[in-house]
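Subject: Structure for your review

Dear colleague,

Please find below the sequence and structure that I am handing over to you.

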Amino acid sequence: MQSELSIVWIYPDLLSTYGDQGNALVLEQRARARGVPTRIHHVRSSDPVPQQGDIYLIGGGEDRPQILGAERLRKDGGLQSAIARGAAMLAVCAGYQIMGSVFGGEEGQPVPGLELLDISSSRGERRAVGELAAEVDPALRLPTLTGFENHMGVTRLGPGVRPLSRTIVGTGNGDGTEGCVAGKIIGTYLHGPALARNPALADLLLSWAIGPLPPVNDEWYQRLRDERLSAVLGDQA
Amino acid sequence: MSQLPLRAQLASALGRTAATLSRATGRGDGSVIGGRVGLMLEPDLLRKLATDRKLALVSATNGKTTTTRLIASALMELGEVATNAFGANMPAGHVSALSGAKHAPFAVLEVDEKYLPEVLDTTNAGIVTLMNLSRDQMDRAAEIWLLAQKWRRALAGKPAHVIANCDDPLVTWGASTAARVTWVSGGQRWREDSWCCPECGGPLDRGGSREMGQQGSVHWACRECTFHRPEPDWVLDGEDVIDPHGRRWRLDLQLPGEANRSNAAIALATVDAFGLDPARALPRLRTVTSVAGRYTTVERDGRALRLLLAKNPAGWLEAFEVSDPRLPIILSVNAQGPDGRDTSWLWDVDYRILRGRPVYVTGERRLDLALRLDVAGIPFQLCDSFDQAVAALPLGRIDVIANYTAFQQIRTEFGRAV
């Protein structure tokens, strides 16, 4: 990190269908609460992706924008350089699929991805829509993952990544796991503002970029989490 | 319409009975159940009821109900009009509306965006009015690029005369396969879903040359292909509408806000296609003060509450434009089926405009909204119920913005205020 934390939001013009801006806003709020000056860079698909960012965010979108986004990122190369340099990234839904070797296009045709994650995705039989809850990989020491998914993707994880979590409710990758993690990259089907429902995940990304963090007032985050988890898990929560 | 075959007449009559029962037992407006009963008995009922009428279909993400009401109000100048005034905008609602006004020579039907191809195929409507497309309840609605594609396929090869907002690139693309289009420059307030060319995916450049004046601000063209904004036939210019003959009409609506001026411009172009001149249509548009509770003011314990409906990010932007920045505001959000069960869209709304106003948050998903406002840095008071919010407020005028079922709950408290 240089003088300020740089959050790079990739292609809001193509991939921000589901409130994806929320992830950028949550990171900004939680960094500033720790006294870290923060800036969000909106990078449109006609602009080059800056290579010096600290945390990269890429969100969800429709089939056509997803294919366009993948093509432009492949040609641009900026994101790949940033990740090689050690930047952190949260890739959501369509953006998550783009990070793999291949994903399913609008007719199910295979479309090449960026190969930043050892995953491959295809179109599933039915749309997975609804609340999701999952137990996170204990090595990450994070509380239960909560969020909303809305996708038709099925994602197979290769040996180069670990599952982010095991689903309690919901579909996720389609094999009982949800999302993946490799180095400083997190991929997830929890679309939109996943970090609003999972502030600990936001802090994990921030700590990758800026080091250990003091705690902050989480009142509204916790109240929303408690309400959602008890609505989805009932007595299990 | 008196020529309906016997089976269709019976289906239509039984549907009306079901609707009456639904209203009498307080279950609802009766528009949906009546139509369902009718369609069960005669699956071809909608086509039969639509035959021999001059019919307009109205579709968009936002403003369907209001624009339908404006068009219907104006058309009454010409004769009886059948319309689904309660916003029941799928085929059952259409059957109900048409069978409730069997002899009306004119009809205007609000149509859900997804159902437009099917309803156009079935009714063979002569006029189709299209206003805007933006992200909306993604857990159950179609993706909008896909939706525009379906509109294109549905309109291609049909004789329908389309009235469309050329300031919305996706609507323009969706409408441009039609045999005949009247373009209306109705403005575009929410642009987050149209930064890319619907034809080729290239970037859309916004803003025209200095010579274009005010029209420059709504101009758009693809940087990479030839797709660009068509020349409008009708133009909304501030408080005025300019018609294809260059005549300027002051709107003077009672409905507030730019979105409603846009709805009115589209309505004027639509009724013009019925042969009704703005001179005769405008006085009727000006009589509309509220639409199914939207924009209405209700009283409780010395407080005058103005009700604004906002179902998606574009709708919130419009509601903020109408809302009086000097007044306290109650925000209510639910996530039932009709609202979309996913509240992600709250993060697409820019709430910073509320800074400095007393804000009260309620509704079934008030905690989602509370966190959203907290992150935006907007102070608020959380209230367990609408009543608690009202009681917490000082006497006087208050604005209320609510999404669909939250709005209906509030409206029901005031005896289904219209």
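A salt bridge is counted here when a side-chain nitrogen of Lys or Arg lies within 4 Å of a carboxyl oxygen of Asp or Glu. By that criterion B:Arg135 forms a salt bridge with B:Asp348, with 3.0 Å between the closest N and O atoms. Please bear in mind throughout that this is a predicted model.

The two domains of chain B

Chain B is divided into domain 1, residues 45–285, and domain 2, residues 297–413. Taken over C-alpha atoms, the centres of these two domains of chain B are separated by 28 Å. Contact between them involves 15 residues of domain 1 of chain B and 17 residues of domain 2 of chain B. The area buried between domain 1 and domain 2 of chain B is about 1400 Å², and carbon and sulfur atoms give 52% of this area. On the side of domain 1 of chain B, B:Asn62, B:Gln137 and B:Trp190 supply 36% of the area that the domain buries against domain 2, more than any other three residues. The count between the two domains of chain B is 2 salt bridges.

The largest cavity

The structure holds 9 cavities of 30 Å³ or more. The largest cavity has a volume of about 400 Å³. Of the 30 residues that line the largest cavity, B:Asn62, B:Gly63, B:Tyr295, B:Leu309 and B:Glu318 are the closest to its centre. Four elements of chain B give two or more residues each to this lining: helix H4 (64–75), helix H9 (258–273), strand S13 (303–309) and helix H11 (313–322). H9(B) gives the most to the lining of the largest cavity, namely 6 residues. By class, the lining of the largest cavity comprises 10 nonpolar, 13 polar and 7 charged residues.

The lining of the second largest cavity divides into 11 nonpolar, 4 polar and 5 charged residues.

The interface of chain B with chain A

At this interface, 34 residues of chain B are in contact with 38 residues of chain A. The area buried between chain B and chain A is about 2900 Å², of which 57% comes from carbon and sulfur atoms.

How many salt bridges are counted between chain B and chain A? The count is 1 salt bridge, whereas the structure holds 39 salt bridges over all chains. The side chains of A:Arg127 and B:Glu143 meet in a salt bridge, at 3.7 Å from N to O. A:Arg127 lies in strand S7 (residues 119–136) of chain A and B:Glu143 in the loop between strand S4 (127–130) and helix H7 (144–155) of chain B, so this pair joins two chains.

With kind regards

Note on methods. Residues numbered from 1 in each chain as written. Chains lettered and ligands numbered in written order. Predicted model: local features only at pLDDT ≥ 70, side-chain atom pairs only at ≥ 80, totals over all residues. Heavy atoms only, no water. 1 Å grid on protein atoms, 1.4 Å probe; cavity = no way out; pocket = protein on both sides within 12 Å on 5 of 7 lines; lining within 4 Å. Points joined across faces, edges and corners; volume = space filled by probe spheres on them. Nonpolar A, V, L, I, M, F, W, Y, C, P; charged D, E, K, R; others polar. Contact = heavy atoms within 4.5 Å. Buried area = accessible area lost by both parts, 1.4 Å probe. Domains from an automatic or database assignment.
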